[in-house]
Amino acid sequence: MASDTSTPSATAGGGAPSAVSAPDAPASSTAGVPTAGSQDVRLDFAVATGVPRLPEAERAEVLANPGFGKHFTDHMARAVWTPEGWGQDAVLAHGPITLSPAAAVLHYAQEVFEGLKAYRHADGSVWAFRPEANARRFAASARRLALPVLPEDAFVRSVEQLVAADVDWVPAGGENSLYLRPFMFASESFLGVRPATEVTYLVIASPAGSYFGGGEITPVSIWLSQEYSRAAPGGTGAAKCGGNYAASLQAQAEAAAHGCDQVAFLDAVEHRWVEELGGMNLFFVLDDGTVVTPALTGTILEGVTRSSVLQIARDLGHDVVERRIDVAEWREGCESGRITEVFACGTAAVVTPVGALVEPDRRSVPGDGGTGEVTAAIRQRLTDVQQGRAEDAHGWMHRLV
Ligand SMILES: Cc1ncc(COP(=O)(O)O)c(C=O)c1O
């Protein structure tokens, strides 16, 4: 129920009162954590008319070499939450937003986000990969950050409407995709430390090329973080919130300084158990074909790709185990040959072989350090489903256009 679909501004606050109410929202959220999440709320995200579009020739130039996260489509989706509920939903012009310098997100980082992709299949149709899973995780992240819960169907609807408006921006071919970034933040102007009473939800979209530039899959090297942890028990590691990434940047910079592509984190208590990378989950393939990944302990982000890989590995006949993995097992397994392959997975790079674990005094290389057979087979199956080349046996693809 968009109230101002012709307004090309995403300015949050000061707008019309919300047209939609969430019955289970607290009357006054100064008292506590927002809990609005009524499944009765219907947000339509109607598409505004008259939004300026980038001329076709310029768009074609961008799509020929999109890179990652540099270019954005013509539209964005928006909704605003207040204690009355969700409203001001629309798909409107992508553009700068106006925030008070006192907006709570700028001070206390009350923010969550998601990342998912839409793919153009050979027949021209456009599909999202498991958007319902991202909607569920977004809701779980919001709860942890004391943000209001956006109903899962509204999350999916916002993605559908945005992609419908920007369908010409979905690149075709190879592993090209339209990367979708839903996010939600405390837009209330208030410096007190408490859950915000005004929250803005936006979805922006960015065409993305193949992570590997269409070339050979290149194994990545991983620096084992020596002094930093990503998440602690009781913290926010299982939520997709901006603060987790801010906290990982110094460790990532340390990895780069050591010539590595990514950083791996161990648990914060014993500094012994393998958790994940700054932005990807980790998998190990053993010499008997078993596929192992760190169990979800509350400090690891439950990747949508991770759960898809677990299923595909089972489909391909592998035993699959979720358990704790000692970093010593990683080192010794590479040395003894017990670990034959290591790979990382996430929406951006899908499945990426790990060529080496790098520490100050040693380098642990699984197999020959190249792309292993199991890694390649899982990657192939997953990208085939995403690109519409293989049967979608698990109903993962959601048609958008
Ligand atoms: C910390 C972290 N772990 C794992 C993942 C993989 O999650 P997904 O497969 O849902 O992209 C991501 C990427 O979003 C991430 O940021």
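Is Val199 buried or exposed, with 30 C-beta neighbours inside 10 Å? Val199 counts as buried, because 30 C-beta neighbours lie inside 10 Å of it. The word buried is used here for a residue with 20 or more other C-beta atoms within 10 Å of its own; exposed stands for 12 or fewer and partly exposed for the range in between, with C-beta atoms placed from the backbone.

Before I continue, two remarks on the model. Residues are numbered from 1 along each chain as its sequence is written. The model is predicted, and local features need pLDDT of at least 70, side-chain atom pairs count only at pLDDT 80 or more, and totals for chains, interfaces and linings use all residues.

I begin with the chain as a whole. The chain contains eight helices and 17 strands. Helices (H or I, at least four residues) and strands (E, at least two) are DSSP runs, numbered from the N terminus. Of the 401 residues in the chain, 48% are buried. Two residues are said to be in contact if their C-beta atoms, placed from the backbone, lie within 7 Å. Among contacts with a separation of 6 or more, 73% join residues 24 or more positions apart.

Let us return to Val199, which belongs to strand E7. Leaving out residues up to four places away in sequence, Val199 touches Trp81, Leu147, Pro148, Met184, Phe185, Ala186 and Ser187. Pro83 is 116 residues from Val199 in sequence, yet their C-alpha atoms are 9.6 Å apart in space.

Next, the strands that pair with E1. Two strands pair if DSSP finds at least two bridges between them. E1 and E7 pair in the antiparallel sense over five bridges, and Arg78 stands opposite Leu202 in E7. E1 and E2 also run antiparallel, joined by seven bridges, and a hairpin of two residues links E1 to E2. Within E2, Ala90 is the bridge partner of Arg78, and Gly85 is the bridge partner of Thr82.

How many of the eight residues of E1 are buried? Eight of the eight are buried, so E1 is largely enclosed by the rest of the structure. In a regular strand the side chains alternate between the two faces of the sheet. His75, Ala77, Ala79 and Trp81 point one way from E1, while Met76, Arg78, Val80 and Thr82 point the other way, and all are buried. E2 is mostly covered, with eight of its nine residues buried.

I turn now to the nonpolar cores. A nonpolar core is a set of buried Ala, Val, Leu, Ile, Met, Phe, Trp, Tyr and Cys residues joined through C-beta atoms within 7 Å. The largest nonpolar core has 51 residues, of which Ala118 and Leu162 touch the most other members. Among the elements that give two or more residues to this core are strand E1 (75-82), strand E2 (85-93), helix H4 (152-165) and strand E7 (199-208). Apart from neighbours within four places in sequence, Leu162 is in contact with His75, Met76, Ala77, Val91, Val203 and Ala205. A second, separate core of 42 residues includes Ala251, Val274, Met280 and Ile339.

Just after H7, Gly337 takes a positive phi of about 95°.

Finally, the ligand. Which helix gives the largest share of the shell around the ligand? Helix H6 (residues 304-315) does, with three residues. The residues around the ligand include Gly115, Glu276, Met280, Arg306 and Thr347, where a residue is near a molecule if its C-beta atom, placed from the backbone, lies within 6 Å of it.
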